[in-house]
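This report describes a protein model through its ring contacts, a helix crossing and selected backbone features. Please consult the sequence and structure shown here while reading.

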Amino acid sequence: MSSHRLAVTDWIEFEEERHQVAGLDGATVRLRSENGRVQTIMLSVLLADSSFRAAVEPPPTALMDSDAHPDPAGVLASLDKAVKDAALKLEAHLLEAMTGYRSGDPLSAAADEPRPQYDPALPQVVRVQAKAQELGVTERWMWKLWARRAENGLWGLVDKRKTRVPNPLRNLDPRVVQAIRDQAAAERADSSATIGNRFYRRTQNRLNADHGAGAVPLPSRDIFRRAVTHLLDISPSAPAYQRSSAANQPDRPFGNVIATRPGEVVMLDTTPLDVLAYDPGTTSTIRVELTIALDVATRSLLAWRLTPEGTKAIDIGLLLADVMTPEMMRPGWSDALRYQMLRVPYERLLTVDERLAEAAARPVIYPETLLYDHGKPYKSDVVWRACTLWKIDLQDARKLKPTDKPQVERLFKTIREQFAEHVAGYKGFNVAHRGRTAEEQARWTIDELTEFFAEYVIGVYQRKHHRGLTLHGFPDLRVSPNEAYAMALGSAGYVDCPRETNVYFELLPIAKRVIHPYGVELNHLTYNADVLYRYRKAKAPYPDELWPIRYDPRNLLHAYFLDPSDGRWHVLRWTHALGEHQPFTDITLREAKRLITLRGCAPEDQEAVAQALTDLQNRTDAPETWTAADRKRHTRDEHRGAAQSRDMQRNDAPVNSHPPLTAVPDATDEETEPGEWGDLDLSKVRAAEVWDPDAI
């Protein structure tokens with residue numbers, strides 16, 4: 001067992017934060033953290049904790065408390081010319097006294113050297129005596145100067161009065177200095193404050209609490225303001241986001257996430273897109289979130305999803321499927337954006353993955369390790385099952401430590417500068433940068449923004465040379481992500497990505513339920529299908545004897561059931577769904593339950609839930625009366641319902657035993673005159689087929 005010595009003012013590390021020992025009292029120790037938090041803990045508990053480390057390096061701001069020890073060469077290089085010339089002149093005198101030559105080298109002697117009194121043939125003591133008389137100093141002083149020069153070079157001969165480091169805090173009480181630092185650390189995430197008012201008062205309150213009322217008074221406000229300027233790199237009056245960002249910086253040297261082959265490390269993150277989307281149905285705007293997957297080795301943007309604010313876990317799980325699925329060419333795109341433009345062995349790869357024939361120039365990579373944030377969608381069961389399905393390792397970044405994934409954080413800035421700023425509806429990255437008419441300028445829907453972003457990634461980002469993208473062994477070579485991927489294939493090879501046909505259903509959240517005669521209950525909704533009649537009241541062949549029911553939180557009109565007899569997926573429809581019900585999300589369902597609770601009904605009342613959903617969805621007769629929440633809900637449900645339909649179409653079609661719900665035809669349709677809108681029934685137009693990559 002190792003022993004530790006603790007003393008007051010020592011710095012230790014405890015629970016991933018540095019603390020200074022403020023006091024010792026028998027079996028307890030008083031600690032003050034960097035952000036000003038004071039705590040008292042038992043000494044035995046502190047020493048037994050696994051995160052405890054003694055004798056750690058003090059924070060950089062604590063180094064100002066000790067005497068300064070500047071670099072002599074650095075100070076010498078910054079001296080005035082007159083001070084430096086005086087030191088060189090004194091060095092020449094010493095060399096002449098010791099060697100007979102001002103340069104110290106007989107081969108570099110001047111025209112009048114050596115002078116008679118400094119002839120090298122004379123004893124050194126005689127030459128030193130002559131030099132002392134010439135300079136008007138003692139012989140002892142000459143020998144001291146020579147010893148300084150031998151020990152420190154030219155720095156030993158410089159007049160130290162000219163090199164004194166100015167310390168504007170010299171006359172300030174050290175306790176005041178520490179209180180300013182502690183108070184600034186405590187307010188890093190607080191609202192802005194002026195130095196002369198609130199911050200001044202709170203610093204004085206901190207001193208009174210630590211040392212007694214009136215024991216340590218603060219200096220005048222002008223001296224206090226200058227001290228704060230010298231001590232803090234971020235002013236207490238700076239915007240809160242600047243101070244909180246500075247507080248999130250790690251208190252130790254930055255490390256680098258290094259990857260040498262494609263897919264070794266893939267970073268995931270979600271951020272609000274700095275563009276407002278337009279909803280033509282409600283003539284309103286909606287905020288959008290962007291979720292991306294970035295390959296660290298090649299800096300390739302592998303997959304992306306634009307969703308209404310509030311990204312779901314299923315979006316993250318399906319994003320992983322997008323990473324391993326080729327990005328298809330869009331109509332109107334140039335042939336220069338096709339996959340073969342990656343300059344990889346294209347013909348040979350077609351024999352491995354035929355989907356690349358109609359793919360765009362974006363790498364298709366099998367991830368090995370995912371580095372993600374602490375957001376709730378990333379830590380869900382859906383993401384865990386997706387990574388387990390594809391044998392992908394998970395590694396989460398530390399909470400509030402964006403420096404753990406700097407590449408993806410920097411990519412967000414690149415996207416803002418190269419894409420978001422040039423899109424109608426750009427709102428800036430904070431309120432201070434937002435124009436007054438940003439909502440009026442928004443004109444693109446989320447689907448249109450997704451298409452624009454896909455064209456930006458394929459046509460610009462993947463082909464643009466990056467200053468931060470360097471290849472191992474070629475530090476001076478600047479390449480694009482596509483070029484880096486093509487070069488990496490030569491050393492790492494190509495890994496074929498899995499192509500499960502039912503991956504969508506396998507990634508959906510699972511709810512364990514009993515199959516009743518009337519169906520299954522999920523979120524107080526009843527779902528049913530013909531296939532369930534064979535398993536009603538039957539125990540499931542699973543350890544908990546419950547049946548797994550899959551559901552998509554983006555569309556709760558349906559649930560999904562895997563028939564163990566034939567391995568086929570079946571659609572379960574909400575029993576109270578009507579033709580007027582559009583796809584709705586779990587958020588809308590919670591709002592509907594809140595409304596029926598206010599009406600005095602129980603959430604289990606299916607009719608009440610159906611009526612509440614109808615009230616929330618069917619208000620198109622007067623959209624100008626909608627509230628902002630209603631418009632946001634309508635746009636969110638419509639987009640996520642469409643996204644859920646597109647994701648399901650990428651898999652084998654499930655068995656749907658329910659006929660599609662259609663409205664009763666209007667009798668006036670037959671009386672419509674030819675040539676008017678009535679001669680084209682839009683509800684009967686057959687939708688275009690969706691390209692299925694697995695059907696080739």
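## Basis and overall make-up

A residue is called buried under 20% relative accessible area, exposed over 50% and partly exposed in between, with a 1.4 Å probe and protein chains only. The model is predicted, so that local features need pLDDT of at least 70 and side-chain atom pairs count only at pLDDT 80 or more, whereas totals for chains, interfaces and linings use all residues. Residues are numbered from 1 along each chain as its sequence is written, and side-chain values use heavy atoms, with hydrogens and water left out.

Of the 696 residues of the protein, 43% are buried. Its secondary structure has 20 helices and 15 strands; these are DSSP runs numbered from the N terminus, helices being H or I of at least four residues and strands E of at least two. Contact denotes heavy atoms within 4.5 Å. Among contacts with a separation of 6 or more, 64% involve residues 24 or more positions apart.

Neither is a glycine, yet phi is positive, at about 55° for Asn523 and about 65° for His524. Asn523 counts as partly exposed because its relative accessibility is 31%. His524, with a relative accessible area of 37%, is also partly exposed.

## Aromatic pairs

Rings of Phe, Tyr and Trp (its six-membered ring) pair if their centres lie within 6.5 Å; planes under 30 degrees apart are stacked, over 60 edge-to-face, and the rest tilted. Across the whole structure, 14 aromatic pairs are found. One of them joins Phe453 and Tyr456 in a tilted arrangement, 5.8 Å centre to centre with 50° between the planes. Both residues belong to helix α15 (residues 446-459), 3 residues apart, or about one turn of the helix. Phe453 is buried at 0% relative accessibility, and Tyr456 is buried at 5%.

Phe505 and Tyr560 form an edge-to-face pair, with 5.3 Å between centres and 65° between planes. Phe505 lies in helix α17 (residues 503-507) and Tyr560 in strand β14 (residues 555-563), so this pair ties together parts 55 residues apart in sequence. Phe505 and Tyr560 are both buried. Elsewhere, ring pairs link Trp304, Phe419, Phe453 and Tyr456 into a cluster.

## Charge over a ring

A charge sits over a ring if NZ of Lys or CZ of Arg is within 6 Å of the ring centre and within 35 degrees of the ring normal. Arg221 lies over the face of Tyr200, 4.2 Å from the ring centre. The charged end of Lys512 sits over the ring of Tyr542, at 6.0 Å from its centre.

Trp146 is located in helix α5 (residues 139-152) and is partly exposed, with a relative accessible area of 25%. Leaving aside residues up to four places away in sequence, Trp146 touches Leu94, Leu95 and Met98. Trp146 and Leu157 are 11 residues apart in sequence, and their C-alpha atoms are 8.8 Å apart.

The peptide bond from Glu113 to Pro114 is cis, with omega near -5°. Pro114 is found in the loop between α3 (81-99) and α4 (124-135).
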